[in-house]
Structure formats: C-alpha cells, structure tokens
Amino acid sequence: GAVLGGALLAFPAILPAALTLIEQEDGTPAAVHEVGGAVFGGLGLIAFAALAWALLTTVPSAVALAAAAAWTAVAVAFYVLRATGRLPLPRSIAGRRPPATGG
C-alpha cells in the first residue's frame with residue numbers, strides 16, 4: 001500500500017543525511033564504503049521498477065509484484081560480486097572497508 005511504498009521510497013531520500021552521520025562518527029572511508037551499498041540498492045530498485053512496469057499490465061498484480069521482488073536477488077548478487085572482488089566499483093566511489101573497531 002501507500003504507507004509501505006512511502007516508507008521504502010524514503011530510503012534514498014535519507015541517504016545523504018545517513019552518510020553525513022557515518023562520516024562524522026567513523027570518517028570518510030567508512031562513509032564512502034557505504035556508498036557502494038547504496039549503489040547496489042539503487043540497482044535493485046531499478047530492477048524492481050523495470051519488472052513491475054513490464055508485468056503489471058500483462059499479469060495479475062500479485063504475480064507481477066512477486067516477480068518484481070527479484071530486486072532483492074539483484075542487490076544481493078551485486079553485493080556478493082563486490083564482496084568477492086569480482087565486481088569493482090568505479091574508483092571514485094569504491095572506498096575501502098573501514099577497519100573494525102573494538103566497540
């Protein structure tokens with residue numbers, strides 16, 4: 001519904017604020033590392049929109065939305081490819097994984 005859709009669409013809108021807070025707390029490398037995750041989430045949202053747009057006029061809406069939920073698989077696949085080094089991001093947003101802290 002509209003409430004859930006609105007909540008999900010708010011995530012891209014709060015990204016700049018979240019990255020600012022991460023940078024202030026953990027430094028620029030940590031914030032840049034998080035941008036990589038945002039890129040994969042964005043690619044997943046594009047996959048969702050494309051599938052929903054293509055299917056909503058041809059099959060029942062429940063089937064179309066279930067198929068379009070494949071955005072999760074797209075985002076996870078990109079994450080795994082990046083984590084294993086098979087999909088490097090452009091140097092401008094690649095960043096480096098921040099060091100682990102003791103808490």
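This is a predicted model: local features need pLDDT of at least 70, side-chain atom pairs count only at pLDDT 80 or more; totals for chains, interfaces and linings use all residues.

A residue is called buried when its relative accessible area is under 20%, exposed when that area is over 50%, and partly exposed in between, using a 1.4 Å probe and protein chains only. Residues are numbered from 1 along each chain as its sequence is written, and side-chain values use heavy atoms, with hydrogens and water left out.

**Overall picture**

- The protein chain has five helices and zero strands, where helices are DSSP runs of H or I with at least four residues, strands are runs of E with at least two, and numbering starts from the N terminus.
- Read from the N terminus, the order of elements is α-α-α-α-α.
- The average pLDDT (the predictor's confidence in each residue, from 0 to 100) is 77 for the protein chain, and 84% of the residues score at least 70.
- Confidence is highest in helix α1 (residues 2-26), with a mean of 82, and lowest in helix α5 (residues 91-94), with a mean of 61.
- Contact means heavy atoms within 4.5 Å; among contacts between residues at least 6 apart in sequence, 57% join residues at least 24 apart.

**α1 with α2**

- The axes of α1 and α2 come within 8 Å and cross at roughly 160°; axes are lines fitted to C-alpha atoms, for helices over the stretch in contact, and angles run from 0 to 180 degrees between N-to-C directions.
- The two helices are therefore roughly antiparallel, a label for angles over 145 degrees, with under 35 being roughly parallel, 65 to 115 roughly perpendicular and the rest oblique.
- Their crossing is right-handed, which is to say that the near helix is turned clockwise from the far one by less than a right angle, anticlockwise being left-handed.
- On the α1 side the contact includes Pro-12, Leu-15 and Leu-19, and on the α2 side it includes Ala-38 and Leu-45.
- By class, this contact has nine nonpolar, one polar and three charged residues; Ala, Val, Leu, Ile, Met, Phe, Trp, Tyr, Cys and Pro count as nonpolar, Asp, Glu, Lys and Arg as charged, and the others, Gly among them, as polar.

**α2 with α3**

- Helix α3 (residues 61-68) and α2 have axes that come within 8 Å and cross at roughly 155°, which makes them roughly antiparallel.
- Phe-48, Leu-51, Ala-52 and Leu-55 of α2 meet Ala-64, Leu-65, Ala-67 and Ala-68 of α3.
- The residues of this contact are eight nonpolar, no polar and no charged.

**α2 with α4**

- Helix α2 (residues 28-55) packs against helix α4 (residues 71-83) at an angle of about 145°, with the axes 7 Å apart, and the crossing is right-handed.
- Residues in this contact include Gly-36, Gly-37 and Phe-40 from α2, and Trp-71, Phe-78 and Tyr-79 from α4.
- The contact divides into 10 nonpolar, four polar and one charged.

**Two residues to look at**

- Leu-45 sits in helix α2 and counts as partly exposed, at 38% relative accessibility.
- Leaving aside residues up to four places away in sequence, Leu-45 touches Pro-12 and Trp-71.
- Val-76 belongs to helix α4 and is partly exposed, with a relative accessible area of 46%.
- The C-alpha atoms of Val-76 and Gly-37 are separated by 9.9 Å, although these residues are 39 apart along the chain.
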